[in-house]
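Me: I am new to this structure and would like to go through it in short questions. Please end each reply on the value or name I ask for.

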Amino acid sequence: MNPYAFRRYIVGAIFVLTGLIYIVRLFYLQIIDRSYERSAENNSRRLITQYPARGLIYDRNGQLIVYNEAAYDLMITPVEVKTFDTVEFSKIINLPIEVVREKIRKSRVKTNTNNIFKPSLFVGQLSAENYALLGEKLYKYPGFFVQTRTLRKYANKTAAHLLGYVGEIDSSGIKKDHYYKTGDYIGISGLEKTYETDLRGRKGTNILLVDVHNRVKGSFQNGRADTVAIVGSDLTTTLDANLQEYGEFLMQNMRGSAVAIEPATGEILAMVSAPTYDPGLLIGRGRRVNFPYLQNDPMKPLFFRSAMANYPPGSTFKIVNGIIGLQEGVLTPNTHYSCAGGYNYGGSKLLKCTHVHGSLNLPQAVQQSCNTYFCNVFRSIIDNRKYSSTNQSYNVWRDDVMSFGLGKKFNSDISNELSGNVPSSGYYDRVFGKDRWKSNTIISLAIGQAELGITPLQMANIVTTIANRGYYYTPHLVKKILNKQGIDSRFLEKHTTPFDTSAYGVIIQGMYAAVNEAGGTAYWVNMQNLGIDMCGKTGTAQNPHGENHSVFIAFAPRENPRIAIAVFVENAGYGATWAGRIASLMVEKYLKGTRTRKPMEDFVLTFKYKK
Amino acid sequence: MIDSRTSFLRNLDWTTVFIYLLLVIMGWINIYAAVYNDQHKSIFEISQRYGSQMLWILAAFVLVFVIFMIDLKFYTFFAYPIYGLSLLLLILVLVMGREINGARAWLFIGKFSIQPAEFAKVATALAIAKYLSAYNIKVTSLRALLSVGLIIFLPMVLIILQPDAGSLLVFFSFSIMLFREGLPGGVLIFGFVLAVLFFVSLVVLKVYIIAAIVLIGYLAFVLYTRNYKETLIGFSLTVALFFLFWGIMKVSHKTNDFYFIIAASFFLSGLVFLVITFFRKIRHVAAFVLFLFSAIFFAYSVEYMYHHILHEHQRDRMDILLGLKQDPLGMGYNVNQSMIAIGSGGFAGKGFLQGTQTKYNFVPEQSTDFIFCTVGEEWGFMGTAVVVGLFMFLLIRVIFISERQRSTFSRVYGYSVASILFFHFAINVGMTIGVLPVIGIPLPFFSYGGSSLWSFTILLFVLIRLDASRMELLK
């Protein structure tokens, strides 16, 4: 007998053991560890995203403001690239040859983020001409293909701050919303941001089966799992594109803002923030170049003054104090105060008035913007015996002021809106000490100075409230979203001030006189000969940044007003001179659709800042 | 004659024949699934791989018939001439063969191509069987061992010149047969360690190798001799010396090459250890230390030769040979894709022709070396378990057949068959499921290709032929 015969069992055992190990391993691979199943799906299914066209944006009259234009991204699949004529290629796509070579070299380097088997962006947004040239010769460059996507285009280079812009989403954005993938576009500011979910529509996906070389082998389950892209909804804004454009035209040399609202609805007709910029500068490849350029401009064109600048309202604020005075019963339309050229607020301290006005009643004081008169009004409001302390009466005054929509955000559809500032009594307690301040301490508030900060949008809302004789709707920018019923309910909510309608009548009488009667501070911007009854109020706001701001607020016509407007021109001096003319011209443009006062326009355009 | 034919058919091992048929047909179906495409839907399409595989299968049946017809004595009598012929073919392929994928492994005869290395396995198995069946030959004798070694070594040299790593390694499988015939187990283990060391030293950084050798050495020593105290002393000495050298290097601001630090500390401590244990009269220490020293030296010289003596193109070939450069997507791509394909099959598989991984070229060599992936993806665990089970059954059956032979020739040949089949199966399936490195050898009876199918058919059916006549006494 063979002495090694027993070794057959050892050999057999090795065989069987190997088989058993393999079966256990297979059991683990195929049944326990499910991760391979997912890998397989990622492997062979390629999700092709169908990008829907972004919604268009119209003005209130159906005029197109923002639309889409096709852009062409040149894509590269590194492994498929063969040797080719880089000289010709670089000419076609209009890039220096070194850049092209460097890009190709880089694209071929395999890293964690760079998968050389998958297409990646080679050059973004080729021009139409470059694309046309390339299209003919693309067959010469295996591994390259062109992917079409859409870019925003602006019909008239207007309302840049309002519209905002669209750009590639960053990584933090992707984390927040899983709808987005790297390279997707998202509204970054303005309406594009606020109405992103309406404008973007819904991406669709086609699931394709691909082989290891990414070659498409057919659709997955014959397209049953595909989803269709849904086109973005068009927006109809409340803007009047012509008015907006005209306002920007008038204010082209200025820093400031003009905000016009339709009083009956709160719809914003125009929201000029000057200086502005061409919104087309911030799309596509241009943004990288243009953004820093705009950012470093000393005029700060990127700053959205209409909703973000805190201006002292100056004399325009007197009308607010007038209304509060009437409501508090410390003032009647016929209350007379005498102006001897200033208001003495303790010791030898005098708050100067522009003229010696003599004895005035309330409408006259509004018409002539008498500082002395409104200092007296403010004193009687704050030092009212009815209230036990200055603190208490001040808080009543503050609440009244804030009922015009001041000191807080509107929570509207305007992006980057700021709240302005109406100082609290606590603030004065901290500055002066508790119970150590009274009306004379804070007398500047009487004429809209001191800590008061109001955005042009809020100012326009004050005029709107006055034009409406006591209420306003939250000012907003969008009238209609396609395929959606009505507008957001928060824009339909009526905000009413706690004042008697008669109080408004008195003030409006003064505002009417200011524009239309001799002796009014804004008499020369009246439009009697055009048949427009405009009511207005000038303001000349002192500020720490140099020359006074020129402020003007107005609404027209006097009955059933259709437009309320507030204009600020930074460091431009007297209120009626610049702001008043701009307001007047814009009101005419909106109500009549005409531009009949060429000399006035020309005068406004001569505006220049001293170096 | 009628009598002998009926007895031949009665003695024929139908079980094995049946398993063979099953494997061949399953292979054919899976090749069809692996390369299936819409343009050529018929499994009989000659222009496609599944069509030609069908032709190879039919030709294999003819071969089986021929093998059965040939007289029993032919195999013993012509064992050496067949072996010589296969060596001739291996030389011929080096001269006249066409280079494909960096290897000169294929001989073209008109439109047909054969891979001589595949047939050399059968020839070598016959030659060894012939040699060992001679009177008075014992595997345990050095002379016999060297002769058998030479028989195995000659085709290996010719194959390494091609170079074809897979086929080369298969020849190591004869050691299983030699083990059964009495080769000391220690020799096998030593050979196995050297082979592993050779591979590992080309793939892994030498620092890790030497660290591993030292650790394993101490561990083996303590387990073998149970001298805990001495081992601890020796090991502490090595570690202490390591930190001493490392500190010196650090202080003198030399770039510290850990390899040399470990080597130096181990050599020094090894010598000290040797002296200590010599006086304590602990046995086997010298053998252990010597073995570890030579292991380190072997690994170092392999690595050194590879990087300093071989030329660039030779190294490239070695890399291809060792599977180091086959990865189009970097290390592990093939294996990863292969495991994804098999893993995604789940319990019952995706269904016939429903596999996505194997069909869309994610898995390389899907109809040849990685055919097992198709089984895994489309038939799931049920399929793979059946295939593994069938191979196990076949292997055990071959051992069973070998053991019932009355002649040494048949037994040795039978064990060679089992060894070769086992090696192919273990390496092939092992690499697709990620437990063994990627070595390109076919799965017997399954993989696409005429040469491999025919050579395995010949291999198995010569044994079946011998077995059918086991009652006749072979010399």
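Me: Which residue of β3(B) stands opposite I109(B)?
Reply: This is a predicted model, and the answer follows from how its strands pair. Strand β2 of chain B, residues 103-109, pairs with β3(B) in the antiparallel sense over three bridges. I109(B) belongs to that pairing, and the residue opposite in β3(B) is F112(B).

Me: Which strands are at the edges of the three-stranded open sheet of chain B?
Reply: The order of this open sheet is β1-β2-β3 in chain B, with antiparallel pairing. An edge strand pairs on one side only. That holds for the strands at 98-100 and 112-114 of chain B, namely β1 and β3.

Me: How many helices does chain B have?
Reply: Chain B has 475 residues, of which 41% count as buried. Its secondary structure includes three strands, and the count of helices is 19.

Me: Are α5(B) and α7(B) roughly parallel or roughly antiparallel?
Reply: Helix α5 (residues 79-96) and helix α7 (residues 142-160) of chain B have axes 9 Å apart and pack at an angle of about 15 degrees. Angles under 35 degrees count as roughly parallel. The two helices α5(B) and α7(B) are therefore roughly parallel.

Me: How many nonpolar residues does the contact of α5(B) with α7(B) have?
Reply: The crossing of these two helices, α5(B) and α7(B), is left-handed. From α5(B) the contact takes S86(B), L87(B), L90(B), I91(B) and L94(B), and from α7(B) it takes L154(B), P155(B), L158(B) and I159(B). By class, one residue of the contact is polar, none is charged, and the number of nonpolar residues is eight.

Me: Is α6(B) roughly parallel or roughly antiparallel to α7(B)?
Reply: Helix α6 of chain B, residues 116-132, packs on α7(B) at an angle of about 170 degrees, and the axes are 9 Å apart. An angle over 145 degrees counts as roughly antiparallel. So the relation of α6(B) to α7(B) is roughly antiparallel.

Me: What is the handedness of the crossing of α6(B) and α7(B)?
Reply: Residues of α6(B) in the contact include A117(B), A120(B) and T124(B), and among those of α7(B) are S147(B), V148(B) and P155(B). The contact has 11 nonpolar, two polar and no charged residues. The crossing of α6(B) and α7(B) is right-handed.

Me: Which strands of the five-stranded open sheet of chain A have one side left without a neighbour?
Reply: The order of the sheet is β12-β11-β22-β21-β20 in chain A, and the pairing is antiparallel. A strand at the edge has a single partner strand, so one side is left without a neighbour in the sheet. In chain A these are the strands at 267-274 and 535-543, β12 and β20.

Me: Which residue is the bridge partner of V551(A) in β22(A)?
Reply: Strands β21 (residues 546-556) and β22 (residues 563-569) of chain A pair in the antiparallel sense over seven bridges. In their hairpin, which has six residues between the strands, N560(A) takes a positive phi near 45 degrees. The bridge partner of V551(A) is F568(A).

Me: How many residues of β22(A) are buried?
Reply: I563(A), I565(A), V567(A) and V569(A) point one way from the strand β22(A), while A564(A), A566(A) and F568(A) point the other way. Residues on both sides are buried. Of the seven residues of β22(A), the number buried is seven.

Me: Which helix packs on the five-stranded sheet of chain A?
Reply: The helix touches β11 (256-262) and β12 of chain A. Its direction makes about 25 degrees with that of β12(A). This is the helix at residues 241-250 of chain A, α10.

Me: Which element gives the largest share of the side of chain A that touches chain B?
Reply: The contact takes 29 residues from chain A and 35 residues from chain B. On the side of chain A, α1 (7-32), α2 (35-44) and β8 (204-210) each supply at least two residues. The largest share, 16 residues, comes from α1(A).

Note on methods. Residues are numbered from 1 along each chain as its sequence is written. Chains are lettered from A and ligands numbered from 1 in the order in which they are written. This is a predicted model: local features need pLDDT of at least 70, side-chain atom pairs count only at pLDDT 80 or more; totals for chains, interfaces and linings use all residues. Two residues are in contact if their C-beta atoms, placed from the backbone, lie within 7 Å. Helices (H or I, at least four residues) and strands (E, at least two) are DSSP runs, numbered from the N terminus. Axes are lines fitted to C-alpha atoms, for helices over the stretch in contact, and angles run from 0 to 180 degrees between N-to-C directions. Angles under 35 degrees count as roughly parallel, over 145 as roughly antiparallel, 65 to 115 as roughly perpendicular and the rest as oblique. A crossing is left-handed if the near helix is turned anticlockwise from the far one by less than a right angle, and right-handed if clockwise. Ala, Val, Leu, Ile, Met, Phe, Trp, Tyr, Cys and Pro count as nonpolar, Asp, Glu, Lys and Arg as charged, and the others, Gly among them, as polar. Two strands pair if DSSP finds at least two bridges between them. A residue is buried if 20 or more other C-beta atoms lie within 10 Å of its own, exposed if 12 or fewer, and partly exposed in between; C-beta atoms are placed from the backbone.
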